[in-house]
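Q: How should I read the packing and the helices of a model like this one? Please take the features in turn.

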Amino acid sequence: MTLPRLLIAVSLLSMSPQSSPSPPPRQAPVPQRTASPNVALTVPFTQFTLPNGLHVILHEDHTVPLATVNVWYHVGSAREKPGRTGFAHLFEHLMFEGSAHVKEGEFDTLLEAAGATNNGSTETDRTNYYIDLPSNALELALFLESDRMGYLLDAMSPERVNGQRDVVKNERRQSYENAPYGMASIEIDKMLYPEGHPYRWPTIGYMEDLTAASYADVVEFFRKYYQPGNASLVIAGDIDPVKTRAMVEKWFSDVKPSTAPVPPIDYPHAMLTGVSRKTIEDRVQLPRLYISWLTPSLFRPGDAELDVVSQVLAGGKNSRLYKRLVYELQIAQDVSAYQASAALDSQFQVVVTARPPDATTTPKALIDRIRTIVDEEIAKLQQSPPAAREFQRAINQIEASFYNRMESVGGFSGKGNQLNAYYTATGDPDYFNEDLSRYRALSASDIQAAAAFWLPAGRRVELTVEPMKSTEPGKNNE
């Protein structure tokens, strides 16, 4: 570590809540729509790459005196090895536990004193972290991010790994094993993806794998994937790009590069050749039906079309499935549909929670009736395009959601995170216009064709969750 890093780190760490920088009061302007439908969107940015391989993207937005520091490590649960699942998510926890020049617990304390918020999340294809804070406290965030990128292992210990391993195990119990319908997603992924496919295991990992994880495994994972050449850094908001670049170079240039690049993922192709059904029992009061299909990956042909299909089928109270199942027949509590886009494969899913069956109807009979209605509505869409008004409503819903995400720079949905997402997926941080143009270019007949091609009745998986009858939680009825 260089002497300037040490001296400035001591200065930053000595900041008290009273001396933490605070922004001057300003009146936030009324949000305005970014562009009309006929005007191309653009989010200006500058980018550069440090000698150690870290790619940096800067975006100015002086709407409010706030900035976000957003880091993507291009590693998620898809990079794990069978028998060592859950590592990517475990690492997300370890990244908040201190580094060489930040004591355990001090990461959050320093940020809270500066008026900042921060979080992280793990998915199949990436792990991301953000810090949203007053723009005059930007250097504090850069110091903290650079220290855990370059000096995390200096503060790591088997005891710290064991502590966070227990936290993750408890999270699995709360969010999956003991949560209503919590095991459904784990079962569906096992039904959709073959052995060896990196989407087959859950991001949270398997309990036995978390137990088996060693300190040496953790060190190996960090050195392989948490390297500057496998990361991208976005700083967006109320910033001066020239000064910000100087701060980035000051704090991140001494982070050592990796000795080897991360190779592409090699995985078996996922394919469905028929209908696979399974029923599990859970501590729930209402039966629920999940129907899932394998669909095209993010930004591939069919991906945008299926987003529109999901809106037509279940996007609000005027959607086809909601009107039939909830309003007219009153056999369902709720219904949803979505295209879960991902880098390797995606899945389209319809989820229907039934209303309590009457005394003469079994949960199975009720689910069978719901399945029939879902199949009828999908078949109608496959046979005829949606009406012009119905199609336009779906496009408007998607476009409104798109613009809403652009109103902020921070968090998991703001421009900072989106710049990183676009860079990772396409190599172009300013892919906003191209993304939205995918939907504006569609026609109603495109939606019909996508439903017909990607949602065949004969190639899908179906999972039913029924209220528990047995005394053993999670009992499967094949």
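Q: Which residues of the largest nonpolar core touch the most other members?
A: A nonpolar core is a set of buried Ala, Val, Leu, Ile, Met, Phe, Trp, Tyr and Cys residues joined through side-chain atoms within 4.5 Å. Buried means under 20% relative accessible area, exposed over 50%, partly exposed in between (1.4 Å probe, protein chains only). In this predicted model, the core has 58 residues, and Y73, L142, Y226, L233, V248 and F252 touch the most other members. Helix 4 (residues 138–151) gives the most to this core, 7 residues; helices (H or I, at least four residues) are DSSP runs, numbered from the N terminus. Apart from this core lies another, of 39 residues, including V309 and L442.

Q: What does L233 touch?
A: Contact means heavy atoms within 4.5 Å. Leaving out residues up to four places away in sequence, L233 touches L54, H55, V56, I57, V69, N70, V71, V248 and F252.

Q: Which residues of helix 12 are buried?
A: An α-helix has 3.6 residues a turn, so residues three or four places apart point the same way. In helix 12, L366, I367, I370, R371, I373, V374, E377, I378 and L381 are buried. Seen down the helix 12 axis, these fall within an arc of 165° (directions from the axis to the C-beta atoms), so they line one face. The face turned away from the buried side carries exposed K364 and Q383.

Terms used:
Residues numbered from 1 in each chain as written. Predicted model: local features only at pLDDT ≥ 70, side-chain atom pairs only at ≥ 80, totals over all residues. Heavy atoms only, no water. Helix = DSSP H or I, 4+ residues; strand = E, 2+ residues; numbered from the N terminus.
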